Amino acid sequence: MKFDAVVVGGGHNGLVAASYLAMEGMSVALLERRELVGGACVSEELWPGVRVSTGAYVLSLLRPKVIRDLRLYENGLKVYMKDPGLFLPLGNAKSLSIWSDTEKTSKEISKFSKKDALEYPRWVKFWDQLYDLFDLLMLSPPVDVKSLLPSLSGLLSENLEEFAQVFLKDAESMLRERFESEELISALIEDSVVGTFLPPSAPGTAYVLAHHVLGEVNGVKGAWGYVEGGMGGVTRAMERAARSMGVKIFTNAEVDEILVKGNSVTGVKLRDGRIIESKVVLSNADPKTTFLKMLRNAELDPSLLRRISSIKSRGTSFKLVGYLEELPDFGKGKHLSPEHSSSILIMPEVKYVERAYSDAVSLGKSREPWLSINIQSALDPTVAPSGKFSFSIFGQYLPYAKDLDDIKDEYGELVLDKVREYAPNFKPARYEVLTPLDLERRFGLWEGHIFHGEMTPDQLYLFRPIPRMSRYSTLINGLYLCGAGTHPGGGVTGAPGYNAAQQVIHDLKRQPL
Ligand SMILES: Cc1cc2nc3c(=O)[nH]c(=O)nc-3n(C[C@H](O)[C@H](O)[C@H](O)COP(=O)(O)OP(=O)(O)OC[C@H]3O[C@@H](n4cnc5c(N)ncnc54)[C@H](O)[C@@H]3O)c2cc1C
């Protein structure tokens with residue numbers, strides 16, 4: 001078999017890249033090792049009628065251009081906005097909700113600080129002003145910073161310095177400069193540590209926060225939502241789009257090796273021995289899996305391999321997925337309330353996160369992890385039969401280790417005990433724990449890192465995945481990277497896939513196949 005381009009991996013970025021290449025009239029094969037496409041953005045029916053998002057669980061970052069170009073709504077995507085987006089139970093009947101309506105949120109905040117209630121609208125405006133610029137940066141390949149400056153100063157005349165700081169600063173001081181209430185700071189700080197093996201006091205975490213607040217749902221900036229049917233609803237719509245554009249999708253098709261002759265790619269060899277020829281191969285797998293596994297027989301410069309090997313990518317996030325038979329009472333009662341459909345955050349103060357982090361460094365796990373609980377069926381009836389409520393708990397820190405299987409059952413119980421401190425009736429009928437080791441096995445993520453590598457300043461933009469490979473092409477002719485390990489990084493954005501496809505199209509115009 002021979003194609004103009006082969007995409008290794010059917011994560012959402014692989015699907016996006018394949019679709020844009022097919023739109024240009026190229027013949028494209030997409031090869032996915034699992035039985036379903038979607039990578040870390042899938043729904044899986046783990047119990048009869050109960051569908052859970054085993055990887056990503058909420059949507060916001062998917063670029064509107066990708067939604068439009070791939071006609072994802074027409075292909076079945078439907079998103080329910082969470083409102084409140086966040087609910088922070090604080091014990092003793094105290095809580096804080098963050099709504100999409102700024103005024104309503106300020107009113108909530110005024111329970112804790114009048115000054116913060118006045119400051120909050122400015123915080124929302126700060127991010128609103130950055131939205132268009134961020135969208136532009138995400139959907140463009142990295143360029144050298146000097147050539148970027150004129151467009152930055154044009155778009156952001158007022159906040160240029162503050163914006164520049166976002167890339168380097170720590171989230172804790174960024175928030176403490178603006179707010180005084182520990183409750184509000186805790187609610188806002190989660191975004192700065194998601195997927196990251198750092199505490200919020202570490203430089204670079206302000207960018208992780210920015211990455212998570214500059215999205216939108218159904219036109220509402222900064223909002224997050226549940227995809228009908230679970231996150232697989234995104235990748236099912238992408239799969240339909242890709243097929244309708246002529247992409248040939250093969251599942252249960254694990255690539256054993258990317259074939260290279262001289263310094264040019266010639267195709268791929270599947271685990272079953274089949275060879276697919278192509279002068280263009282895009283890998284949606286993370287950079288370490290691509291270079292250290294699939295290119296193991298290629299003659300690569302040892303210094304390149306050293307650089308790839310040293311990409312920081314130790315996963316630290318875990319999940320519990322399952323279902324309940326009654327709604328939990330987090331202080332607002334067992335009857336369905338708006339808070340049940342929000343992300344319920346167990347993160348009572350910043351010190352709590354710092355402790356969780358230092359425990360993980362010294363003990364290999366947080367004794368008291370921070371947790372984000374999402375009960376999708378509170379908004380979306382399609383994910384569980386009536387009377388059952390599917391849930392996902394995302395938490396940190398449980399750093400990747402080869403022996404995580406030995407502790408996972410016990411750790412799952414510890415997590416549930418922590419949830420029950422806030423909602424004593426949180427008693428899942430069934431559940432499954434996914435440690436970083438499980439995420440590696442299930443999704444093919446190197447050391448279970450949810451973003452294909454840390455999103456720290458040394459691994460962003462021109463340095464993602466490594467310097468000299470930040471524009472999707474690699475040092476091997478015809479081989480490209482198109483996954484979250486490239487700019488602009490992790491999350492269900494579609495941006496790396498889009499940018500990588502544009503780079504391939506650009507290169508082919510100069511050197512036709
Ligand atoms: C537990 C978890 C929670 C998350 N929560 C959120 C969230 O709520 N919202 C959000 O926006 N983001 C979230 N993320 C991050 C987000 O899901 C990922 O960053 C994103 O899905 C990465 O997409 P991708 O297409 O680049 O790569 P992936 O989704 O990793 O896809 C890569 C694909 O390549 C395949 N592959 C690998 N090796 C081979 C091979 N040899 N042959 C063939 N195929 C291969 C894999 O099976 C996989 O399908 C979460 C991730 C995880 C794991």
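**From one residue to the whole protein**

Mentor: Let us begin with R71, which is partly exposed, with 14 other C-beta atoms within 10 Å. Please keep in mind that this is a predicted model.

Trainee: Where does R71 lie, and what is its phi?

Mentor: R71 is placed in the loop between α2 (64-69) and β5. R71 is not a glycine, yet its phi is positive. The value is about 50 degrees.

Trainee: Is R468 buried or exposed?

Mentor: R468 sits in the loop between α15 and β21, and R468 has a positive phi of about 75 degrees although it is not a glycine. R468 has 12 C-beta neighbours inside 10 Å, so R468 counts as exposed.

Trainee: What is omega for the cis peptide bond between D83 and P84?

Mentor: P84 belongs to the loop between β5 (79-81) and β6 (86-91). The bond that joins D83 and P84 is cis, and its omega is about 10 degrees.

Trainee: Is I375 buried or exposed?

Mentor: I375 is found in the loop between β18 (370-374) and β19 (389-396). A residue is buried if 20 or more other C-beta atoms lie within 10 Å of its own. Because I375 has 27 C-beta neighbours inside 10 Å, I375 counts as buried.

Trainee: Which residues have the most contacts inside the largest nonpolar core?

Mentor: In soluble globular proteins, nonpolar side chains tend to be buried together. Here the largest nonpolar core has 157 residues, and those with the most contacts inside it are V28 and I258.

Trainee: Which element supplies the largest share of this core?

Mentor: The core draws at least three residues from each of domain 1 (5-42 + 231-310 + 460-510) and domain 2 (79-228 + 317-398 + 401-434). The largest share is seven residues, and it comes from α1.

Trainee: Which helix gives the most to the side of domain 1 that touches domain 2?

Mentor: The contact takes 19 residues from domain 1 and 11 residues from domain 2. On the domain 1 side, α10 (232-244) and α16 (495-510) each supply at least two residues. The side of domain 1 that touches domain 2 has nine nonpolar, nine polar and one charged residues. With four residues, the element that gives the most to this side is α16.

Trainee: How many residues surround the ligand, and which element gives the most to that shell?

Mentor: The ligand is surrounded by 40 residues, and the closest are G9, G11, N13, G39 and A56. By class, the shell divides into 20 nonpolar, 15 polar and five charged residues. At least two residues of the shell come from each of α1 (12-23), α11 (287-294), β16 (317-324) and α15 (436-443). The element that gives the most, with three residues, is α1.

Trainee: What is the radius of gyration of the protein?

Mentor: The protein has 16 helices and 21 strands. For 513 residues the globule rule gives 24 Å, and the computed value is close to this, so the protein is as compact as a globular protein of that length. The radius of gyration is 22 Å.

Trainee: What share of the 513 residues counts as buried?

Mentor: The C-alpha trace spans about 65 × 55 × 45 Å along its principal axes. Among contacts between residues at least 6 apart in sequence, 72% join residues at least 24 apart. Of the 513 residues, the share that counts as buried is 54%.

Conventions:
Residues are numbered from 1 along each chain as its sequence is written. This is a predicted model: local features need pLDDT of at least 70, side-chain atom pairs count only at pLDDT 80 or more; totals for chains, interfaces and linings use all residues. A residue is near a molecule or strand if its C-beta atom, placed from the backbone, lies within 6 Å of it. Ala, Val, Leu, Ile, Met, Phe, Trp, Tyr, Cys and Pro count as nonpolar, Asp, Glu, Lys and Arg as charged, and the others, Gly among them, as polar. A nonpolar core is a set of buried Ala, Val, Leu, Ile, Met, Phe, Trp, Tyr and Cys residues joined through C-beta atoms within 7 Å. Domain bounds come from an automatic or database domain assignment. Two residues are in contact if their C-beta atoms, placed from the backbone, lie within 7 Å. The radius of gyration is taken over C-alpha atoms; the globule rule is 2.2 Å times the number of residues to the power 0.38.
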